[in-house]
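Subject: Structure handover

Hello,

Here is the structure for you to open. My notes on what turned up follow below it.

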Amino acid sequence: MSKQTQLTKTQSYQKKRPNLKPVGALQPHQPGAGDLVKGREAEAVAPDLMDHPFQRAQQQALFSQMGRVQGNQQVQRLIGNRPGDTAGKELQSTSQPDVATIQRNWLGDAAAWMKDRIGDATDSRPDEARLDAQEQLALFMSKEYSLKNFHPDTGRGLFDAKYNPAKGNLDVTVRICFKFLPGNPADPSWVATAGGPEAAAAYTPDQFQWQGDETKDWKKQAVGDVQDFWSENYTFHNTKPYWESLPNVNVKIHVAEAPENETGGVEKAQFVISVYKWPKEPDLEESITPPGRANQSVGQFQESAEDGITNPDKGNFTRTTRTRAAYNVVDTKNPGKIYFDLGKSELKAEDKTKLKEFGQTLGLPQIPPFPVTVEGHASSEGDTEPNMALSEDRARLVSNEIVTGGAKKQPLVLGKGEEGAGPTAEWRHVEITVGKFQSSQHTILHEFGHIFGLGDEYPTADPTAANPVSKRPVGTPVAHSALAEKLIPGQQPIVAHHNENIMSNGEVVQPYHYVTFLEALGKMTKTEGQWQIGPGPGPRGPGDFPVNNKPDGPAYA
């Protein structure tokens with residue numbers, strides 16, 4: 001092999017393992033002040049032990065040179081001063097090692113290294129796939145990755161992201177400029193909400209002005225709420241073969257204050273958000289405007305002093321089967337009453353079919369999680385205690401049959417026994433009622449979902465003569481559905497309806513709400529398609545994964 005060929009091989013190896021350096025030829029010994037001497041000086045300059053065969057060969061060559069100059073006893077003493085060094089122990093024996101032994105070890109390690117390099121280049125090592133994957137993983141983990149002003153493919157949202165593979169941290173940062181402004185006492189919506197012009201006039205101008213530390217306290221509370229709520233709900237894990245040792249990725253959210261415009265090298269805010277103060281809820285829009293491809297956008301929050309101005313506002317929602325026309329099917333499919341034979345709790349075949357169809361309707365993705373109550377009854381025939389147990393058995397049986405059909409939640413079971421009943425067949429029944437879906441939500445937590453690139457999941461109003469087109473009808477896919485279906489294995493379409501999720505009317509973060517963070521991770525590391533979502537590391541994460549929405553059993557009251 002020519003000298004030029006040797007250089008090329010060494011340089012090639014350096015590209016794969018940048019920490020290694022080519023070993024130069026040993027120079028003839030020139031005695032002088034720099035010679036190794038016994039004692040602490042020898043220990044101080046002893047060469048470091050290396051793990052790789054080629055580097056161990058370099059070390060053994062240095063020991064060989066020391067032996068020629070100062071004798072093998074000095075080498076042995078030096079090795080003895082380095083407990084735990086496996087390479088050093090290779091030179092120890094009951095008799096003093098000679099130079100030939102050291103050279104044989106050197107040549108053996110060098111040969112092993114060369115065999116490994118040739119095998120790597122020709123893909124002929126016995127465990128080539130695993131070895132190659134682990135080399136790629138080592139290189140992957142040696143770097144840090146980042147994105148500035150990332151625009152998710154959902155067509156909304158803007159944030160920075162930074163990933164440290166060795167630590168398993170994905171830091172998502174959004175730069176915000178909060179502008180605190182007074183509400184407008186003359187705003188028509190406010191006047192109407194206040195109870196008309198006379199009632200609105202009773203509020204004084206200072207009630208619309210931010211006072212003292214109110215802005216500082218509001219920011220502290222709001223930023224803390226957002227960071228805590230959106231951080232560490234789920235983790236990402238890589239599915240590439242032989243990358244199991246890569247730490248799971250934890251998402252940490254950071255809200256950083258920034259100026260509206262770049263100043264003195266400080267980056268400008270990605271969102272400029274106006275926060276208005278009102279004495280009571282003004283019933284005005286709160287929103288984040290999608291930035292498109294721009295690197296700055298705007299938003300607005302309406303803060304009411306009714307529950308303390310430093311506490312970000314919360315909205316309360318009530319939805320019924322009449323809230324949207326598409327929800328009426330729940331009433332249509334509700335059997336209402338199921339009748340039983342005297343002293344029996346067995347369901348008839350036709351009733352089983354009705355209950356399963358009702359459960360299937362409740363489980364449709366576009367139907368809100370309406371609470372269902374099943375109330376069991378018995379006629380006054382017989383004894384009171386057995387009749388109570390019988391009514392509970394009947395209700396439980398109906399509840400379970402509804403769940404079998406696919407209901408999202410287990411209906412509440414009530415046993416009424418023979419309460420108010422007579423000795424007739426009409427009392428041997430279970431009554432099924434559908435209640436109102438109620439939820440609450442801190443508005444700022446929902447709006448930051450838009451900052452992270454998610455769309456609304458609640459449906460817009462049904463078409464009317466005045467507004468013949470519904471922007472987001474019940475059952476239509478939402479803005480982040482396509483991206484979630486693309487990046488999350490097995491993800492079903494996410495459709496518009498009222499539910500307890502953070503992008504609808506509640507405060508539940510689902511796995512697919514992390515999809516834009518997953519997208520950023522894949523793009524910055526060029527590993528799209530290699531990740532899956534798993535349980536979160538903190539107390540907010542689910543105990544099992546995927547999230548189990550299946551009811552555990554009947555609830556009793």
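Helices (H or I, at least four residues) and strands (E, at least two) are DSSP runs, numbered from the N terminus. Strand β1 covers residues 145-150, and N149 sits in it.

Some ground rules. This is a predicted model, in which local features need pLDDT of at least 70, side-chain atom pairs count only at pLDDT 80 or more, and totals for chains, interfaces and linings use all residues. Residues are numbered from 1 along each chain as its sequence is written, and side-chain values use heavy atoms, with hydrogens and water left out.

Overview

The protein chain has 16 helices and 16 strands. Buried means under 20% relative accessible area, exposed over 50%, and partly exposed in between (1.4 Å probe, protein chains only). Of the 557 residues in the protein chain, 42% are buried. Contact means heavy atoms within 4.5 Å. Take the contacts in the protein chain between residues at least 6 apart in sequence: 73% of them join residues at least 24 apart.

Nonpolar cores

A nonpolar core is a set of buried Ala, Val, Leu, Ile, Met, Phe, Trp, Tyr and Cys residues joined through side-chain atoms within 4.5 Å. In soluble globular proteins, nonpolar side chains tend to be buried together. The largest core here has 62 residues. Its members that touch the most other members are Y163, L170, W230, F236, F448, F452 and F517. Setting aside residues up to four places away in sequence, F517 touches F159, L170, V172, F236, V251, I253 and F452. There is also a second, separate core of 21 residues, which includes I338, V374, V430 and F437.

Two helix pairs

Axes are lines fitted to C-alpha atoms, for helices over the stretch in contact, and angles run from 0 to 180 degrees between N-to-C directions. Angles under 35 degrees count as roughly parallel, over 145 as roughly antiparallel, 65 to 115 as roughly perpendicular and the rest as oblique. A crossing is left-handed if the near helix is turned anticlockwise from the far one by less than a right angle, and right-handed if clockwise. For residue classes, Ala, Val, Leu, Ile, Met, Phe, Trp, Tyr, Cys and Pro count as nonpolar, Asp, Glu, Lys and Arg as charged, and the others, Gly among them, as polar.

Start with α10 (residues 214-230) and α14 (residues 443-451). Their axes come within 10 Å and cross at roughly 60 degrees. The two helices are therefore oblique to each other. The crossing of α10 and α14 is right-handed. On the α10 side, the contact uses W218, A222, D225, V226, F229 and W230; on the α14 side, I444, L445, F448 and G449. By class, that contact has eight nonpolar, one polar and one charged residues.

Next, α12 (residues 349-362) and α13 (residues 384-405). Their axes come within 6 Å and cross at roughly 55 degrees. That makes α12 oblique to α13. The crossing of α12 past α13 is right-handed. From α12, K352, L355, K356, F358, G359, Q360 and L362 meet V398, E401, I402, T404 and G405 of α13. This contact divides into five nonpolar, four polar and three charged residues.

Single residues

Which residue of α13 deserves a look? R394 is found in that helix. R394 is buried, at a relative accessible area of 0%. Neighbours within four places in sequence aside, its contacts are F340, D341, G343, K344, S345, H377, A378, R428, H429 and V430. R394 and R428 are 34 residues apart along the chain, and their C-alpha atoms are separated by 9.1 Å.

E431 is in strand β13 (residues 429-434). E431 is partly exposed, at 29% relative accessibility. Again leaving aside neighbours within four places in sequence, E431 contacts G336, K337, T373, V374 and E375.

Finally, backbone angles. Most residues other than glycine have a negative phi. N149, not a glycine, has a positive phi of about 50 degrees. N149 is buried, with a relative accessible area of 19%. K526 is not a glycine either, and has a positive phi of about 55 degrees. K526 lies in the loop between α16 (515-525) and β15 (531-535). At 74% relative accessibility, K526 is exposed.

Best wishes
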